[in-house]
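Hello,

Here is the structure I promised to pass on. Please have a look, and my notes follow below.

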Amino acid sequence: MAAAESDREVPSALCTEFLNFSVKDTASKWLQVTDLYKEVYHHLARYVPKIYCLGPNLNPQSEDLLAQMLLQAPLEWYLCGEDPSTGLAKLEQNNQPSQLCGHVFKVGEPTYSCRECAADPTCVLCMQCFLGSVHKEHRYRMTTSGGGGFCDCGDTEAWKKGPYCQKHEPNISDSCQEDPLAHLSTDMIARCYNVFSVVLKYAVDMLTWDKEDELPPGLEPPDRSDTYYCMLFNDEVHTYEQVIYTLQKAVNCTQKEAVSFATTVDRDGRKSVRFGDFAFCELAKSVIVRNTSRQSKPLRVQVMHSSVVAHQCFALKALHWLGHVIGYSDALRRILCQVGLERGPEGENSSLVDTLMLCDSKMWKGARNVYHQLFMSSLLMDLKYKKLFAIQFAKNYERLQSDYVKDDHDREFSVTDLSVQMFTVPSLARMLITEENLMTTIIRTFVDHLRHRDLQGRFQFERYTAQQAFKFRRVQSLIGDLKYVLISRPTEWSDQLREKFLEGLDTFLELLKCMQGMDPVVRQVGQHIEMEPEWEAAFTLQMKLTHIISMIQEWCATDERVLIEAYKKCLTALTHCHSGFADGEQPITLSMCGHSVDTIRYCVSQEKVSIHLPVSRLLAGLHVLLSKMEVAYRFPEQLPLSELSPPMLIEHPLRCLVLCAQVHAGMWRRNGFSLVNQVVHSVLWLQIYYYHNVKCRVEMFDKDLIMLQAGASMMDPNHFLMIVLSRFELYHIFSSAECRKRYNRENANKDVVQQNNTLTEEMLHLIMMVVGERFESGIGQVEGCDEIKREILHQLCIRPMAHSELVKALPENENKETGMERVIDCVASFKKPGVTGRGLYELRPECAKQFNLYFHHYSRADQSKAEEAQRKLKRQNGEDTALPPPVLPPFCPLFASLVNILQCDVLLGMLGAVLQWAVEPSAGHWSESMLQRVLHLIGMALLEEQQQLENSSEDNDVYFNFTLKMSRPGEAPSNTASVLALLENLQNAPHLEVHEDMIRWLLKTVAGIKTLRERSASTSTVTASGSRGQEETACDKDKAERKRKAEMARLRREKVMAQMSEMQRHFINENKELFQQSLEELDASTSTSLDHSPASPDAALACVGPRRSRPREKRQVVTCILCQEEQEIRADGKAMVLAAFVQRSTVMSKNRTRPPHDPKRYDPLFMHPDLSFGTHTGSCGHIMHSHCWQRYFEAVQAKEQRRQQRLRVHTSYDVGNGEFLCPLCECLSNTVIPLLPRTMGSSSCEQPGLGQWLKTSGQQIKAMHSAHRKLQPVSTVEETVEEECPAPEVFTVDYIPTNPYSSTIKEMLTTFGSATYKVGLKVHPNEQDPRIPIMCWSSCAYTIQSIERLLVDEKKPLFGSLPCRQDDCLSSLARFGSACWTAACQPTVQGHFIRLLAALIPDPQVEASPCILDVDMLHLLVSVVLSYGSVHSQDSSGLSVDAVQLHLFHLITVAHMVQILLTSGPEEVTMEQESGEAERGEEEGACRLYNTLRTLVGSSLPEVGSGWHLWRCVKTGILPYLRGAALFFHHLHGVPAPPELHALCPGQWEVLCGYLSLPSNLLQLFHGQQELLEPLLHGWCTHPGIQQTLQGGGVLVSFPRESNSLIDLPDDYSALINQASSFTCPKSGGDKSRAPTLCLVCGSMLCSQSYCCQTELEGEDVGACTAHTFACGAGVGIFLRVRESQVLFLAGKTKGCFYAPPYLDDYGETDQGLRRGNPLHLCHERYRKIQKLWRQHSITEEIGHAQEANQTLVGIDWQHL
Ligand SMILES: [Zn+2]
Ligand SMILES: [Zn+2]
Ligand SMILES: [Zn+2]
Ligand SMILES: [Zn+2]
Ligand SMILES: [Zn+2]
Ligand SMILES: [Zn+2]
Ligand SMILES: [Zn+2]
């Protein structure tokens, strides 16, 4: 209480009042009174305004605390009749919790459903329940919740199997039906009832209260203050930016405050933005209204009295409290439900629950959320009241939906969203249908909202405004509700259910009737339609209803009576639709081949036609269902088929199919265009696309085809075909007696000929489909899974496909979820993915014979791809390339007569005509695809006959005799050739070579059938299969063999070609090698492992020191990639440069908490061993002349300038920052490194020992000190009295050496130096800055270290395994480093050297030398060696650089050993200690050195007994350093490495030490020179930093430093989702983050892509990820966007790309966006690949390549992520 008081200023009078308040007294008073309602209201009226809303800034914590003390506590006391802390505990103890889990989902929480057991897809489990359920062993589905909704664990209706998890398993001893109230005393029940009534009534009163300045009766405050709030409400019209801008103007706040206001308004639905007197608030209101009313309706603002706001605040609190209290006991929950649903004084629908629901759309978002949650935890958790609530919900349904349509809040904030919780429960849904007529109500409400009709009463969506479109979208939620209601089919039908369902169906048919024929089109001729016709609304409606139509059929299928009734109703509706159509259509008579039929005159190309025919299609669906019924087999006469008029049935579907054909033929091009995804499509083309598309075809194209099949099966096939011909407007072509001579007569317009050809092709295809599509059960005699098997098979005939592609190609029904799994293995085999790509299904070879080229779901593109693939396959197998039709299953009885189409006269006439045209081709009046289709049709007919013969039982009752008919000559006038004769004729036609195999197959089949008929006539027991096989003679086999060989040869050629193109794709690498060859040949030093010929063949190779091997002098010649000229690398020659990319890096950091340095003041001379920030240099290895590169870069700059002027296009690189793409490989670069010749070693004369050298160098340094002091202006020199130090004679301090480099090289030295400086320190370029050389050395050291680590991680040998681009880069860096002092001021570089050396050899004149624990030794080595050049240039004593380098190297190595020993941890006890004799010396040495250190450092070093341990520490700890040093000296001097280091063989240690001129017992370095080194040791160990660091005062890095890895990820992706769902935004007080994003480098979870977590970085607003990268990754970041399952790469503020996540499902696919929901598991290989990119410093490069490949990535605002 004390804390609460200090938080805010409560007037002292109140304080005493509050302090004197007694909960118990108040409660006992209430227990006495009769009218509790009045008492409590009085209490609230008095206290609420004193607690809540006392000033501009609310203080929710103390408000809630006070409310708990003064308001809730007495209520609880009253409720329990005793101290609530004991009373509530008792309640909880006696409670028998419900078996429902009811866990309410947070946004982003993972939910699980079982594809096998869930009653419908809305049934989900929470993670805990899922893990304890049987379903985790099943095929489950994982999604993230959008918030709301709860776990269905324990709901027996939701699961076909396993409804309970282990935790919610019911205890069998419990009687589940027991009334929870039985445990409570009647007193308790009464009190509970009273208090709930009052509190709920109060909450409802306040939340639905709409007056701004007064309170409901009984709540008026005793003393009324005069304060108001200006309350801003949320709407979905205004954007964040608009609101923020307006608020800044209206209430004079900062942008930050405005953002916070806007965020709260968006989250809670309202927020007070001003507090004060009425006028003050009113002013703000008027500004807001004025500012937001220009384009739209203004933001809603109210000026409300503070007491009203106070009571509303407490009302919300009261609802929370109710939710909390009922959590103690199911009995309390039941009482609350009873209170809520009790009918109010106004009669029906006046309960408190009703009142809340009916006011829903008037309440603000926050209030809605709170009461919806209470409903969920009370009404929906109690099985008895859930039902009652569902009834009330259904009663109010129409009103609620209408309110929702008018409201502008998203559906998740509407009470209508609760429908899913009730309608999907099958028993409730059925109860609501039968008792509340819910199905009819929903459909009627839906129809009522669609008011646009044409004269015939059909829907009309022309002149469709944006607002109507918005409303229409909301209306669609009704379809969702209908779907819920129908989701589970009834297993048992009651008469009442039948009645109500059929009533609903009637209403539904009314809806469909309004759609039948809607949006009709008329073909335009002449001018284009300029305006874009509105078609989407009608089509959307169609799409949305697709599922409903399918579900209604499924319902009908479960009951024969319902089905027959539905069929009758649908037929009546169709007849009704057609009554309006027939007007004005004149009857005509068609005749052909001796048959004639009456029909109407109608041309699709001239009259109105509509693609929307839902009534016909529903009837088609029901027809198939009837056909499946037993009654169809036994008593077909009982079916209501007699009223049908087949020509009427087929008329409209046929027109629609003809329309499609005409659009394909290009006849409707003038009917307007539409823009979809930036591509212009003809409007009709789009509609037809959807008509065939997998989303719609089930209830569009498929059903039209079925209707044609149904109609045709009841008609004379000749009549049917003539009507088809007539509708295709091809009748005149085929009916004429001279049709076979078409090519003579018809010389019309070329377009028309083309059109007619296409139409003929389409028509032939249609006939094939009518006869051949038998895979739907009910049409053909097939099993349910045959259909899906065939669907998958045909997809895989196109090419191997991933699981997701197959799923996409299947319609959304139950097959999609589980059906595919059942059949996929019969048709396909699975191939696992590699590190990239995805797993693929391949067709099983034995399934290829079921391939049907004219599969009805193929698009033309699919068809030609499949044809090509299948022919290729056959060629590869050495077979002929005919693709004959597959054998088909027989028809069901209702459709059986369809086969007669194949042998009817009209068809034979058509076939004959096309064949005849093909025999005498001219003028292109026929097409090859036309012929191909005809051949296919003949094949179908032959197979049909063959099948019937094979299946007939001995006697000759096979009525189908195509072979007979095809041998008959054609129609009069003259005797034309028979179909068979024509085929034989065509067999050898040279222009039809492609079809040769097919024609041969046809003729062979004819022969086979003849044999079959003959045999069956004689023996009657021959099968056809045998006859086919025997025909293959030896000759055939020979031919096949030759063919196979030719095929093999062809394949080999193809393979070679493929390899070639693969090589071209890897252009970059190949080219690189090409260009590098010259360099490699001439420079023996680089990676070629073959050539390690040292100068003196006997001596071992050494890369440092006076005895270092001298490689033969060779000219280095390289080629410029830009001008292709060769150039020798010489100090005085033209400069050659390597494209390079310098970047800051934290990849090796051992301390990510170190804050970034202040770039202005940071001194980079010493690198801390934690390597927290480094500078990495990489190169693609491409070499250019410096002047060629300069010209190129200037051109890039100029181009970029022009581009920026013209249009604001972004590029993947930032020219202003010096970035460019390598002209050859397009690799991102930001500078160039000059190539320099190798340094020459001087001849080795007598060299000084360590002692001698220490003395000399000491003198030299002193000389430099005094020389440097002289250079400084006098004023800054304070201690001038230092004695003048005479320099050694041979050391000339003021000698200025001649610069050996040409001017272009000098220029490039400056270029690279200042680029490294600029990038590495993040500063503006400054060529004078003394830190430039330091940054270059440091970058060289860092790059070497990172490559050394990479080689260890990749388990590769130290030498010979690097790509040459890295070798070249390292050589250039090392040689550049040794030369860069020539471009800088010499005393500066000398100064660096002096300070560096002082870290090892104490120098009184250097202040603040670091302690050796704070120095990374490789950095020190590289810097000191490279800076020595500036000192050596003034030495003429003949002292060799090599000798000095070796001394420096030995010194630093000793220092590193000391460093390692100081930081080595205590011994691990479990280690095995077996030391061979050989290492005894090393161990003793290590012990001795360690003990020396202990005496110097004291007790901070633990005592270590075992030398074995110490030597191990030294050996493993120093190895990375030695390897780094070897790389460094190797590249500096170009000494080839010994062959042992080119492999991973044992004995590396000795070889490495030898190569580095070190004794393999490193401790000899110390003990051999002990008297010289001990003083140094003393100096190091007494440095104050040592004690401090060892005692925990700093970061203690131990050696060897392990390579950093990306964080460990869980194997199961859902663990990540779960982790992210409990992550809250760190800035907005416990809110869920919308885009939780995981840093894969350090494991931080961030709130990405959101306003709340934007911060300012260098003057710009950036999102959490970008901000994080600056600290964690020096600008480079690797993240996992958890909700999207997507990896995000970021570099700087402008670069980024998405990358495939390392999580795969069982099908070897990623799920970016988590749309598929398959369980995902970590793929270690892919994660390693990402890690490798990171360790290689290739993230930025990867982003560059991604952005170059996909320009849309460039436009994304990466910095806001
Ligand atoms: Zn659960
Ligand atoms: Zn459970
Ligand atoms: Zn299951
Ligand atoms: Zn050049
Ligand atoms: Zn390149
Ligand atoms: Zn991080
Ligand atoms: Zn946030």
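The zinc ion (ligand 4) is held by C1120 (SG), C1123 (SG), H1185 (ND1) and C1188 (SG), at 2.1 to 2.3 Å; donors here are N, O and S atoms within 2.8 Å of the metal (3.2 Å for Na, K and Ca), and water is not among the atoms, so sites may look incomplete. Bear in mind that this is a predicted model, where local features need pLDDT of at least 70, side-chain atom pairs count only at pLDDT 80 or more, and totals for chains, interfaces and linings use all residues. Residues are numbered from 1 along each chain as its sequence is written, chains are lettered from A and ligands numbered from 1 in the order written, and side-chain values use heavy atoms, without hydrogens and water.

The site of ligand 4 is tetrahedral, with angles of 94 to 120° among its four donor atoms (four donors qualify if all angles lie between 85 and 135 degrees). Its donor residues are spaced C-x2-C-x61-H-x2-C. C1123 sits in the loop between β12 (1117–1119) and β13 (1126–1128) and C1188 in helix α46 (residues 1186–1206), so the pair ties together parts 65 residues apart in sequence; helices (H or I, at least four residues) and strands (E, at least two) are DSSP runs, numbered from the N terminus.

The zinc ion (ligand 5) has C1180 (SG), H1182 (ND1), C1222 (SG) and C1225 (SG) as protein donors, 1.8 to 2.3 Å away. Its site is tetrahedral too, with angles of 105 to 115°.

Best wishes

Technical notes:
Tetrahedral: all angles 85-135°; square planar, octahedral: opposite > 155°, others 65-115°.
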